[in-house]
Amino acid sequence: MFHLLAGQHGNELNGCAAVDAFIEELDLSELKGTVLAVPVANPVCVAQGRQYPDFDDGLQKNMNLLWPGGPDGTYIERLAWAIWENGLSDADWCLDVHSWKRWQAPAALFSREGDKLVPMGKASGLSVVRMTDAYPPDKYVGFAPTVARRMGHAIGYAIELSGQQRVFPDQVELGCRVMRNLLKHAGMLPGEPHIPRQVNIAEASGVDVRSPSDGVLLPLVMPGDEVAEGHPFARLMRLDTGTSDLLTSPVDGVVFKLGPLDKIQKAMDIEGATKKDRYDRDPSGPVRADELVAVIYEIAAG
Ligand SMILES: [Zn+2]
């Protein structure tokens with residue numbers, strides 16, 4: 001059984017929409033085995049559009065960190081426990097779909113635990129992966145896929161789509177492609193997953209690109225797209241001359257972050273201080289001279 005989970009964080013609607021769309025499009029005559037889909041793991045937070053609930057008596061409000069939950073715990077712990085007991089504990093495969101900010105590339109997050117997880121991680125077909133060493137076995141890690149591996153028998157991990165607070169159709173399509181790839185990898189749908197060239201953001205460092213002048217940044221690609229060395233990734237409409245410049249990539253790589261990144265970082269720092277991290281930002285917008293506008297990871301040769 002392949003377990004699909006989304007909507008643990010209520011501001012990450014792309015995952016809910018992608019799981020829902022995937023189930024709608026799934027051709028049952030082609031499917032071998034069972035898919036169990038939970039498109040909205042945390043309905044109260046989704047209804048509020050919030051990452052965490054604004055109530056609860058427990059210390060840990062982040063559903064993503066408290067698996068498998070418990071039958072006598074807080075509201076969020078009981079929600080997790082219901083999902084755990086009613087399928088996830090018995091899954092062979094699982095995927096936990098999240099969605100981070102729109103100016104960051106969609107990514108597959110997995111570790112080198114056992115020999116089956118890395119091939120499944122790469123089979124996502126996402127061009128950005130965050131592949132880390134395995135967590136120490138004696139360390140409590142409360143992510144749903146990690147618990148499903150350790151307490152159950154599942155192989156699985158989380159992905160981050162791109163964009164929060166609303167549904168982005170391109171990310172719904174991308175999420176469906178990831179799920180199709182993974183069911184092919186699991187032998188549950190016919191065919192082989194398509195795997196592009198991938199960068200591992202856990203172990204390489206990105207190349208920073210800064211704006212040459214004040215202007216308005218108009219992206220020509222999206223985070224997650226490949227861009228060849230010397231090729232443009234954005235236009236910069238200059239405010240002094242009224243003309244526009246092309247910003248080009250210094251490396252053959254994959255765009256990880258794109259946008260008015262210094263401005264975004266400053267806003268995140270303020271939000272972090274007030275614990276209000278609820279708003280996303282678009283990759284386009286006004287930038288200052290020398291502002292960080294892109295982080296591009298070089299694709300290793302060969
Ligand atoms: Zn999340």
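What follows covers the metal site and then the domains.

This is a predicted model: local features need pLDDT of at least 70, side-chain atom pairs count only at pLDDT 80 or more, and totals for chains, interfaces and linings use all residues. Residues are numbered from 1 along each chain as its sequence is written, and side-chain values use heavy atoms, with hydrogens and water left out.

Start at the zinc ion. Its protein donors are His 9 (ND1), Glu 12 (OE), Glu 12 (OE) and His 98 (ND1), at 2.0 to 2.5 Å. Donors are N, O and S atoms within 2.8 Å of the metal (3.2 Å for Na, K and Ca); water is not among the atoms, so sites may look incomplete. Along the chain, the donors of the zinc ion follow the spacing H-x2-E-x85-H. His 9 and Glu 12 are both buried (under 20% relative accessible area, 1.4 Å probe, protein chains only).

Now step back to the chain. It is divided into domain 1 (2–185) and domain 2 (207–298), with bounds from an automatic or database domain assignment. The C-alpha centres of domain 1 and domain 2 lie 29 Å apart. In contact across the interface are 17 residues of domain 1 and 17 residues of domain 2 (heavy atoms within 4.5 Å).

Notes
Buried < 20%, exposed > 50% of the residue type's maximum accessible area, 1.4 Å probe, protein only.
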